[in-house]
Every structure is written in structure tokens, then in C-alpha cells.
2 protein chains.
Amino acid sequence: MNDEVIGMNAEIVAVGTELLLGQIANTNGAYLAQKLAEIGINVYYQTVVGDNPERLETALRVAESRSDIVMTIGGLGPTDDDLTKQIVAAHLNEQLVVDAAAQKKIDDYARTSGTLKTSNNAKQALKINHAVSLTNHNGFAVGDLYLNAHGTDYVLLPGPPSECLMMIDRELMPHLKKQLHGDVVFKSKVLRFVGVGEAQLVTDLQDLIENQTNPTIAPYAKTAEVTLRVTATATDEQAATALVDQTITQIMARDGEYFYGYGDDNSLASVVVNQLIDRKLSITAAESLTAGQFQGTIGSVPGVSAVFPGGFVTYANEAKHRLLDIPNTVIEHFGVVSKETAIWMAKQAREKMKTDIGLGFTGVAGPDELEGQPAGTVWIGIAYRDQAPEAFLYHFTNGRQVIRERSVMSGLNLVRQRLDAD
Amino acid sequence: MNDEVIGMNAEIVAVGTELLLGQIANTNGAYLAQKLAEIGINVYYQTVVGDNPERLETALRVAESRSDIVMTIGGLGPTDDDLTKQIVAAHLNEQLVVDAAAQKKIDDYARTSGTLKTSNNAKQALKINHAVSLTNHNGFAVGDLYLNAHGTDYVLLPGPPSECLMMIDRELMPHLKKQLHGDVVFKSKVLRFVGVGEAQLVTDLQDLIENQTNPTIAPYAKTAEVTLRVTATATDEQAATALVDQTITQIMARDGEYFYGYGDDNSLASVVVNQLIDRKLSITAAESLTAGQFQGTIGSVPGVSAVFPGGFVTYANEAKHRLLDIPNTVIEHFGVVSKETAIWMAKQAREKMKTDIGLGFTGVAGPDELEGQPAGTVWIGIAYRDQAPEAFLYHFTNGRQVIRERSVMSGLNLVRQRLDAD
């Protein structure tokens, strides 16, 4: 290895007693491993070790013996426990030196806030001599990228996820891509799908997934959605993008109806709400089994107030009658978990709130059955603009919380489909 | 070490490429580490390695060199990738032998279902010779507890969480407790606190936390709550429980006002809703910044329908006026983010839904400020039975989702305090 090309096998060493004891999950490590895989760096081992100097030292020695590059996460903070940088520097026979930009940031903050103790925080402005500083956009602790002409490369990242993930995205990845392969460019896009299971998607795309090596297609299933990551390599950005886009065209021809958006940080709620904002269409809901969770979910999107005036949580039948003026005879005759009740809820919510779109959620969250229907039976009604209101039946499984979450996602998907067709 | 006493330092080695690449989280490892901590077994390292025989072998060798007991998770299944047991057995110079009970279970299932291929599954009925079998209550793969007179002890657990967690609880922990210390019993209780920060709680209890070794007190902070785990050892269950309870009494004398319940799987929503059910007190809410999330949260508790008829999401001012009959002059005069508006929301929601308790949430979720007030400014109103309605001001930080989540927890805490005082 020379000092211009970074190694291809990385080991992630996460530092922190709370991680070790399982009190918090190692989400940083998982995220970093995913990002490294995208650019072709292999992670063969991940290690978790507590805030203990000797055992961290042992973990580093083991990692060095089997990996080209060691990436530590955690232990860069202001307290006495935070020793990662000190230990790695000693290990590399390097001094710690002040990173002027980071020191200025701490000084500026101390001056304006008046509460920060500069002395405690000075430590966070130190970097390993001869390392490239990785700027911390959400905190004070500087990260390090140390390219070692004589041995293992080192990357040091902070522990708090808000700091770590942003440093990976904005600082580490661009540096690594530049180091890596000289003239090879990686391009990767994430496609998000809803209303289709992973098994079906993989079957639909089996030949593409199995026979292609560039781009590669990696599926990943979440509670109520599936993502595909399409990654290509080429000699320039344009060629890599063209490869990715060709494969996306093939995927879309088969499963485009389930596609709702691009990107790792995207969500169906965000896509739907932003479409509603763009098209100036307002929305409301009347919720029974979801009890406010649909509205709470669209409420998580900044700017939603432009299209969402509010709505109803009608858990009891009496509330459906009183808040929404649904005739008692409807519920008595058809049952509360019925197509008719779902349609009435959607229609009345829309009318009462004077919105373009109204949704109605009624069903059995469980654990007990209701009206003889098993947990997971859900009707979702939608009243979309001047179209005749409709309702759809779902059968969900896997417990109360998953049933409610899938109901929310399915409601959002109904809105997405109407918007696409409109 | 002899073959009757198990080692006190464990290393967890999780096996699986999906874990390594961050596609699934290592929840098994976290759970196992917590359980081991409760009985006084230290976990100093956790390692994750892919489904690769050479690298698993390397990980085992490293783990052996620094830990008394190595616990593997994963790689016990029926496919060719599943090699953990084979590799550990070779490593220990032991044969694999058929576990008769596990083989019978596979044969019985194959006979009745007609679909299971016995040949593929036979592998899962193998155990390491001289190991104690750990029964799999949710699958076919047998686990192993291998007490090694000449070196490192081994525990082998299956990868699927439903199989792994049950094997830990029902098989591994009873065995370890029996092996461990002979006649020493561990007792551990988790106390949950809300409305107090970790820093304050630790300061209040500093002398207890620092000077006590039996019981120990371990604090842990989550988004809007703090837990303390109190763990004691003694020669019998009763003595251990007495030690734990004495310490709990001391903790309660100082911070009892913030305590809301016991247990790892407990939640404030569950405690509050179950108290409401027990006392037959009904509840509703009118939500602005939380947009249904408070109601969605209490809706997550089974049985809530007995005390929660429904409520209002009043995001726009117009909705506050129209659904709740709050005079426009109140909002115009005092502002929508104000004590008065919060009180009106709580009061009117309670009146309209004819419940015992009404809450009102109004505030600035962000990212933008509102009425000149910064993101995080939140008023929560409560109308409790016949008491005069009140409202409380909060200043939360850390972004839109955390602000909304803390608002929900603070609303629940207001109800808890009223119930305690009533």
C-alpha cells in the first residue's frame, strides 16, 4: 500500500460501553458498512468495544492485523472517557495538533452562547498530525482520515448519530471516492416501492438481479415498503449515471406502478405531502384503528400546514356518529369494520374539513377480534375530489403496531395512486 | 477454569453477511449483552463477521485469546452457508452428533406437514459432542452450551431473533445461572422516570451510584425518559430482592416524583392508559403541532377503547375555531402558541367529547418559527375532571420529530401527575 491509494478491506470498530451492553443500537456501524459497500470497500469485520483504553488498544491491534483500513466510531467527545483519538495517535506515533477551524468554531460559540466551557471542549478541536480533518457539521469533535504509507489507514468518526452520519456523507465519502480507484466513478440510486412485497419484486426482476454485475441491484425490505439500490461503476460520472438509468428504465417497465420516489432519506409521507403542496390539494382524515397515527405521520413533514387543516380521531362508534354525522344505522347495519363505514368516514371528514381529499380508517388493530373479524382486517376509504368515494380491504398481520403502521402506509399509497392518475 | 464454573468474560460473535453490511441490525447481540450484564457476566467485545469460514475461524481465534467464553449467534440453519457449528466443532476437536429430541421434532413435522424436506433439515438436529443441547422452541436448529475444561467455553445460538431470544430466555439463562457461582442469585429491576434529565437524576443519586457495588445502579437516557437498572447479588432470591428494594426505597425518597413504572418493556403510554382503564377515567385531546401523534400513541395500548372515544387534530386556526368552537378573538388576541389557546383546546376537547380529561397541544414544531416564537416552544393544556384547566410551557430542542415526541411524553406526564394527586 502507498499513501495515495486507500485499502480495500475495512474493519469498523465502534467504541462505547452503552453500545457494547446493548443499551443503544450500532446504527452508525450499519450505515457506514452500507456506504462503504456502495463504493466497493469490503467490510469483513465489525467490532464493538467499551470505553476502556486497554481493550480499545487490543481491538485496534486485532483490526490492524486483518484489515487494510480501520474505522473507529465514537470516543471523540469532551469527557474523560473519550480517548479514541489519543489512543490511535499514540498507536501511530503521531502528535495531536489543534485544528484551527474547529477551535474557532468552539471559541465563536463560547462567545455568543456564554454557557459553553471552552476548556472542556478544546479537546474536540484536536486532530491527529498528518491526518486530513473531517469537519463536524453537527458538533465540535473533528474527525480524521489518516492515510498511512507504512501500514493501516485510519478513519476516526464521532459517536452521536447526527454527527457521524453527516460526517460520513459530506466528508468521508467524497474523500474516499477521490482516493479510490483513481479514474473509476461510482454512481448509486435508491428506488422506493410501496404496495408490493420484496418476494414479488425480486421475482419480477430475478434475471436482472442475478445476471447483472454492473449495475448491481440490491433489494431491502422494511415494514411496509421495499427499496432497491442500483449501483454502477464507470470511467466517468456520465457513463456511470447512464448505466444506472438504463437499469432503472428496465425496472420501471416491470414495477413502475409501485415506485414512489428516490433516495435513502425519503419517505412516502414526504413524497405525498410535497405533491399535495405542489398541487395545492388539501387533505384530512377520520381515523379509528390508527387513532391519529395517519395524521401524525403527515404532520411530520415540514410545510404540511399549507394542505392539512386538521381532522378527526373517531375511535368509538359514538364519536363517528357525533363528530362526523355518520348515521347510526350505517354502522349498525354494515358494521364498524365495513366498506360502507370507511366510505362514510372519508366522505364526511372531507366535507366537514372542506378539503380536496378525505380518508377514513376503520379496522381491527387487535389483539382481540371485533365483530367476528380477525385482527388485521382493515378498510380504508378515500374521497378524492369529485370522484365517487371508494374503500379498499386489507388483511395485515404481525401484531397491533405493524397493523397500524401498514394501515397508515396503505392510506398514503391510495392518495399517491389518485394523484398519479389525476 | 474448570468445567464446573463458567467464565466471567464473554465475547459475542454474530455471524451473517447481512448483519455485517448493515442490512439488518444486531438486535440479538444487544439482547444477549443485556441479559449477561444482569447476571454479572461481562461482555468486553462484540464482533460481527460474514458467512465466510476462514473469517469466522479468525474471529473465533481472536475471541478465544481475550475472552473466557465465546457466544456465537447465527449460522445454525439448514443451508450450505450455515457453518458455525461445523467450524466450532472442528476447532474444539469434537464430533457432531445427532440430538435425538431435535431429530424427532423434525421427523414429526415432516410427517404431518408433508412439505418439509428431511434431508435439508437433518443438519439442524446436530449438536457438538459433550455439549449441553439448548432446545429451540421456535425452530429446528439446536443450540449448544459447551463447557471446556481445557480452555474457552462456547455457546452457540441461532440467528433468527424469534429463535434466538427465546433460547436465551428459556435455555441459556437458566443454565448459566445454575453454572454461575453455585449458590449466588442475581436480581435486577428497571425503574423508569419521566420529566427529569439523566444529568439531574445522576447528580441526585451520585453517592449511591458511585459508592455502591451491591446493588449497582446503571442509568440510561432515552428521547424523553431515563431508566435506572438496579442489580443485586445474594445467596438467595429473597436476600437479593431485599437488597434491590432497599436501594429502590433510597432512590424513591429522592426522585420518586419522576418515577412512573418498572420494567424493560414498559412505556409511559401503557402505564397511563392502564391507570385510566382501572379508574374508569376517559380522555381526549385536541392536537396542533403533534397532529394526532398523542392520540396515536395512546391508541397503541391494547384496551384503550374503554377510555378513549376519539378527539381532534386542529392544525389550522380555522379548525381550532370550527371543530372546537374556540373564539377567533382568543387566538387573535393571545396568539395560537399561548397559554390561553392551550387551555381552550383542552377544555373544549373535553367538553365536546364528554370525557373526564382533555389535553390541548399547541406549539412550534419547526423548522421555521411561528408568531416570533422559536421552534420548540410548546404549550400543553390540561382540563382534568372538575379542576380549573391549566397550561404549561416547554422549550424543547433537537428538531421537529424530537420536539413532537417530547410534547407527547410531556402530555402523558401531565396526566400521570394529575392521576397521582387525585
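Tutor: Let us take the terms in turn and set each value beside its definition. This is a predicted model, in which local features need pLDDT of at least 70 and side-chain atom pairs count only at pLDDT 80 or more, while totals for chains, interfaces and linings use all residues. Residues are numbered from 1 along each chain as its sequence is written, chains are lettered from A and ligands numbered from 1 in the order in which they are written, and side-chain values use heavy atoms, with hydrogens and water left out.

Student: Why is A:N136 called buried?

Tutor: Buried means under 20% relative accessible area, exposed means over 50%, and partly exposed lies in between (1.4 Å probe, protein chains only). A:N136 has 3% relative accessibility, so A:N136 counts as buried. In chain A, buried residues make up 52% of the 422 residues.

Student: Where is A:N136 placed?

Tutor: A:N136 sits in the loop between β6 (132-134) and β7 (143-146) of chain A. Strands are DSSP runs of E with at least two residues, helices are runs of H or I with at least four, and both are numbered from the N terminus. Chain A has 16 helices and 17 strands.

Student: Which residues is A:N136 in contact with, leaving aside its neighbours within four places in sequence?

Tutor: They are A:K105, A:A141, A:P158, A:E163 and A:M167. Contact means heavy atoms within 4.5 Å.

Student: How do you know that helix α7 of chain B bends?

Tutor: The bend at a residue is the angle between axes fitted to the seven residues ending there and the seven starting there. For α7 (residues 161-179) of chain B, that angle is about 45° at B:I168. B:I168 is also one of the buried residues of α7(B), which include B:C164 and B:L172. The buried residues of α7(B) pack against several elements of chain B, among them α2 (27-38) and β3 (69-73).

Student: What is the area buried between domain 2 and domain 3 of chain A?

Tutor: The domains are domain 1 (9-179), domain 2 (185-262) and domain 3 (268-421), with bounds from an automatic or database domain assignment. Buried area is the accessible area (1.4 Å probe) that two parts lose on being put together, summed over both. For domain 2 and domain 3 of chain A, that is about 720 Å², with 62% from carbon and sulfur atoms. In domain 2, A:V194, A:T223 and A:Y260 lose the most area to domain 3, together 68% of what that side buries.

Student: How many salt bridges does the rule find across the interface of chain A and chain B?

Tutor: A salt bridge needs a side-chain nitrogen of Lys or Arg within 4 Å of a carboxyl oxygen of Asp or Glu. Across this interface the rule finds zero. The count of residue pairs in polar contact between chain A and chain B, both at pLDDT 80 or more, is 26. The two chains bury about 4300 Å² between them, and the contact takes 55 residues from chain A and 53 residues from chain B.

Key
Polar contact = N/O pair within 3.5 Å; in protein donor to acceptor, adjacent residues only side chain to side chain.
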